[in-house]
Structure formats: C-alpha cells, structure tokens
Amino acid sequence: MRERAENGEPDMTTNQALEPAIRVQGIEKSFKDLHVLRGVDFDVRTGSIFALLGSNGAGKTTLVRILSTLLKADAGTATVHGFDVAAKPGDVRESISLTGQFAAVDEVLTGRENLVLVAKLRHLKNPRAIADDLLARFSLTEAGNRKASTYSGGMRRRLDIAMSLIGNPPIIFLDEPTTGLDPQARIEVWQTVKKLAGQGTTVLLTTQYLDEAEQLADRIAILHKGTIIQNGTLAELKRLLPPAKVEYVEKQPSLEDVFLALVGDTDETDTADDDRSYGTVPARKEPR
Amino acid sequence: MTTHVLGDTGILTSRSLRHILRSPDTIITTAVTPIALMLLFVYVFGGAINTGSDESYINYMLPGILLITIASGIAYTAYRLFLDLQGGIFERFQSMPIARSSVLWAHVLTSLAANLVSVGIVIGVALIMGFRTGASVAAWLAVAGILILFTLALTWVAVIAGLSAKTVDGASAFSYPLIFLPFISSAFAPTDSMPGPVAWFAENQPVTSIVNTIRALFAQQPVGSDVWIALAWLLGILVVAYAFAIAIYRRKIS
C-alpha cells in the first residue's frame with residue numbers, strides 16, 4: 001500500500017483531470033420500510049483500491065449490487081467507468097466484474113471448466129489458453145481438472161476471483177472477499193488484490209474487517225446507517241482521533257479505534273489490540 | 001448484446017447439460033418412478049381394469065405414464081434453477097455482458113433434453129414389457145410434438161417455481177400435484193367408470209385430452225376433437241406460464 005501511495009500519485013493535477021472510475025451521488029435504496037441507503041456519495045479514483053467499511057447490515061452489499069447493475073437505486077446517480085448504471089447497464093457490465101459474497105463458482109464443473117465457461121460468455125478467443133493461464137497464476141493448475149466442489153474455501157475464492165479477471169475488466173467489485181476464509185487464504189486474497197491494483201485495475205471492496213481495509217485500501221469510506229460518515233486515506237482517518245494516548249505504553253490508535261469512535265460504540269474497544277493479528281478477527285460482534 | 005442470445009444460450013445450455021451428465025441419477029430417478037408405476041399397473045392392477053377396448057393394457061396406459069415421467073422430470077428443472085440462484089452463479093451471469101434471457105432459456109432447453117431422454121428410457125422399457133404400435137412416422141412425430149409441447153409448458157411452470165421458491169423443497173414440491181393429475185384422468189381407467197363429479201373433473205382437465213390424443217395416434221385411430229382441446233390447453237398453459245415466469249424474472253433482475 002505504501003509503495004502504491006508513492007507511484008500511484010505522480011502528480012495531483014492529472015489525477016484530478018481524470019474522471020473517477022466510480023462516481024456515486026446521492027444513492028438511496030429502501031426495501032419496504034427498511035431505508036438501507038440514505039444518500040451515499042463517493043468517488044473512486046481510477047487504479048486505486050477503495051474499501052467500503054461497515055458492519056453487517058450497513059448496506060455495503062446493496063450498494064455493490066446497485067453499482068454492478070443487479071439492483072436499481074430509488075434515487076441518486078452512479079456512474080461506473082463513465083457509464084450511468086441505470087441508463088447504460090450493458091456498458092457497465094462490459095467494464096466490471098463482480099465477485100459476490102458467496103463464491104459464485106459452478107461446483108459441478110472443474111476449475112478449468114468454470115474459467116472456460118466465463119471466457120466463452122465474455123466472447124473471448126482461446127478460452128482454454130485463458131483458463132490455463134489463470135489456473136497457473138492462481139496456483140490452481142494441479143486442481144484444474146477437479147470439480148470445484150472438492151476445493152477448500154481459499155481455493156474456491158481464488159477460482160472465484162480468477163473468474164472475475166477474465167477479459168481484464170477495468171473495474172472489479174469484491175464483496176467481502178475474505179469472509180469465512182482461514183488466515184492463510186485471507187492473506188492469499190490480499191496479495192491477489194494488491195497485485196491487481198498494481199496492474200491498474202480499480203478495485204472496490206467491501207469488508208467488515210478493519211485490518212483488511214487497513215492492509216489494502218488507498219482510501220477507506222465508512223458506511224454507517226446508510227450514509228458515508230467518513231471518507232479518507234488511512235492516515236486521514238487516524239488523524240480524526242488524538243494521535244497518541246499516553247498509557248503505560250504509547251500507542252497509535254488503530255483504525256478500529258477510529259471506526260468504533262465514529263460509529264459511537266465503545267464497549268468493545270478493549271479487544272482492539274488482540275484483533276491486530278490476522279485471522280482471529282471474525283468472532284467479534286459488529287455494532288448495529 | 002442481443003446478437004449473442006443464441007451463442008450465450010448455447011454455452012449455458014451445454015453447461016447445465018454437463019450437470020446432468022455428471023449426475024445421471026436425476027434422469028434415472030425421473031424414469032424409475034414411472035417404470036415402477038408401469039410394472040405395478042400392468043402386472044398387478046391392470047388385469048382388474050376394464051378399459052373397454054381390445055388394446056393391451058400397457059398400450060392403454062403408456063401415454064399417461066409418459067406424462068407422469070415429464071411431470072416428475074421438470075421438478076429437477078426448478079431444482080437446478082433454484083440452486084443457481086442460491087449459489088451466486090446466477091448473479092455472476094447477470095453482472096456479465098451476456099444476453100439476459102439466455103440464463104433462463106438454457107435451463108428450459110436442458111429440461112427439454114433431459115425429459116426427452118427420460119421419456120425415451122420409459123418407452124424402451126414399455127417396448128420390453130410388450131408395448132406395440134403400428135404408428136406411422138408422422139404419428140410418432142405428432143406424439144413427439146405433443147410431448148415436447150407438454151414439456152415446454154410444464155418447464156415454464158417449473159421456472160416460476162424455481163425463481164420464486166424460498167427453499168429447495170419448495171422448488172420441487174410444486175410438481176407433486178402435476179404428477180398426481182394423470183391418475184384422475186383417462187390415463188389408467190375410462191372416465192365413465194368414475195362417479196359423477198370425479199368423472200366431470202377427469203373429462204375436463206388437460207391430461208385427458210392429451211392422453212386420448214397420444215393413445216389415438218399410437219393406435220392409428222382418428223384423434224377427433226381431442227387433439228384441438230389438447231393443443232389449446234398446452235398452448236394456453238405455455239403462454240400463461242411463460243408470461244408469469246418472465247414477469248418474475250424481470251422483477252428479480254431489475
């Protein structure tokens with residue numbers, strides 16, 4: 001992430017001239033009485049990793065579904081790769097790839113067949129060569145001829161992401177890419193995402209894991225009760241709280257502290273430190 | 001995008017056909033129940049049923065058995081569609097630049113192929129059990145046409161079930177009444193042997209006209225008005241089910 005901050009922002013003027021990869025303005029969505037999104041605004045710069053952070057039920061998935069044309073917003077506009085999601089859904093679909101919350105692989109087919117299927121559906125030439133290349137890139141070559149139902153959670157997620165990369169879409173949505181994965185698999189997914197962004201792909205990822213946002217994202221937006229309550233770089237978010245508090249040891253506030261302070265739920269701050277190690281995070285209860 | 005409808009449907013159809021090839025038990029299960037019914041009726045009950053014709057009993061009841069085969073086969077169509085929706089692969093397809101109707105049509109065509117195979121197996125067993133017909137090629141084609149229409153009509157009903165089901169059981173439970181319908185028709189016994197209200201229902205429900213038509217085609221007899229009633233029912237069910245399924249699908253993907 002730190003490297004990216006250096007090479008990723010060569011000079012401010014050109015970046016501002018570039019149209020953002022994703023622009024979300026005033027998006028609202030209700031399901032019956034439930035007002036899930038209450039006016040969401042943010043931009044995602046081309047080639048960056050943008051993390052949408054929020055608890056369960058904050059509306060992250062709803063937003064991703066709107067941006068990937070699976071759902072229509074009640075109000076507001078969103079453009080993806082310059083195309084309005086409501087007016088030009090076909091063009092949006094040409095520019096994106098969605099990796100949903102549940103690994104969307106065909107379990108009856110083998111890993112290779114899954115990749116070939118997507119390559120064919122994207123009307124690409126040499127679907128078999130594309131499949132072999134991706135199997136190699138995601139260390140699935142040996143498992144390529146096995147049914148996806150025999151894969152571990154991490155392998156399945158890797159296959160899922162590999163399927164999303166076919167056709168090199170400029171924008172990728174990852175909805176909770178590491179939920180339910182073991183620590184090793186999480187780190188693998190993180191490496192994959194970093195590599196992707198390094199090649200210029202814009203990544204919008206949602207997560208409820210604070211360390212994930214901290215690890216990956218160039219910018220982090222906190223979605224809470226249907227609106228973005230904070231949006232900035234990790235450093236900017238950290239600056240929202242006093243930089244250091246003097247205790248027996250001096251420590252920087254973690255992103256988790258910032259998050260909980262912003263969200264207004266403090267009863268679990270004492271677990272913040274333990275959660276810094278990868279992996280053992282999921283047991284926490286998320287604030288409502 | 002619409003230029004890809006055929007290509008995309010073909011790709012997705014070969015995908016779900018592969019599902020069936022990998023679990024041929026779905027075809028075998030579909031064929032086993034009708035075959036068991038056929039054995040039961042021919043060798044146990046059949047002798048006691050007076051059909052009022054000289055035809056052997058297996059010739060008499062095969063049309064009804066074929067409809068039962070299809071009615072139980074389409075439960076798997078709803079099941080497969082439901083699993084796609086559950087597993088997230090449906091959303092993946094919907095977020096990709098592919099023709100949107102392809103996803104449904106692939107399931108419909110797969111249903112047609114799977115059911116024709118099951119029907120073929122059942123006819124094969126019936127031939128072993130003594131089913132005979134002097135039907136011409138044209139009559140066979142007419143039978144095939146009616147069975148295809150029947151499969152398509154029920155498949156779109158299955159699409160409604162698959163799209164709107166909340167559980168796996170719900171996705172396939174809708175087929176039970178359909179499987180039962182042939183029993184209250186002319187499929188196994190003449191309707192005039194039934195008490196008044198039952199006979200009225202049996203004579204006026206779609207299965208009877210379809211069964212009578214297929215039976216007449218196999219027996220090289222005139223199909224009479226039954227064929228028109230049957231076609232009206234089949235096209236009617238097909239159009240209504242198709243319209244409902246597409247409306248539900250639209251709501252689902254918008």
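**Close-up 1: T110(B) in its helix.** In this predicted model, T110(B) lies in helix 5 of chain B, which covers residues 102-128. Helices here are DSSP runs of H or I with at least four residues, strands are runs of E with at least two, and both are numbered from the N terminus. Is T110(B) buried or exposed? T110(B) is buried, because its relative accessible area is 1% (buried means under 20%, exposed over 50%, and partly exposed in between, with a 1.4 Å probe and protein chains only). Look for the polar contact of 2.7 Å between the side chains of T110(B) and S16(B). That term means a pair of N or O atoms within 3.5 Å; within protein, one must be able to donate a hydrogen and the other to accept it, and residues adjacent in sequence count only if both atoms are side-chain atoms. Setting aside neighbours within four places in sequence, T110(B) is in contact (heavy atoms within 4.5 Å) with T13(B), S16(B), L17(B), I20(B) and R80(B).

**Close-up 2: Helix 1 meets helix 5 in chain B.** Two packed helices are described by the angle between their axes and the distance between the axes. Here, helix 1 (residues 5-22) and helix 5 of chain B have axes that come within 8 Å and cross at roughly 50 degrees. The axes are lines fitted to C-alpha atoms, for helices over the stretch in contact, and angles run from 0 to 180 degrees between N-to-C directions. So helix 1 of chain B is oblique to helix 5 of chain B (under 35 degrees is roughly parallel, over 145 roughly antiparallel, 65 to 115 roughly perpendicular, and the rest oblique). Among the residues that meet are S16(B) and L17(B) from helix 1, and T110(B) and A113(B) from helix 5.

**Close-up 3: W233(B) and its surroundings.** You'll find W233(B) in helix 11 of chain B, residues 226-253. W233(B) is partly exposed, with a relative accessible area of 35%. Which residues does W233(B) touch, leaving aside neighbours within four places in sequence? They are N204(B), Q205(B), P206(B) and S209(B). I210(B) is 23 residues away from W233(B) in sequence, and 8.7 Å away in space, C-alpha to C-alpha.

**Notes for all views.** Residues are numbered from 1 along each chain as its sequence is written, while chains are lettered from A and ligands numbered from 1 in the order in which they are written. In this predicted model, local features need pLDDT of at least 70, side-chain atom pairs count only at pLDDT 80 or more, and totals for chains, interfaces and linings use all residues; side-chain values use heavy atoms, leaving out hydrogens and water.
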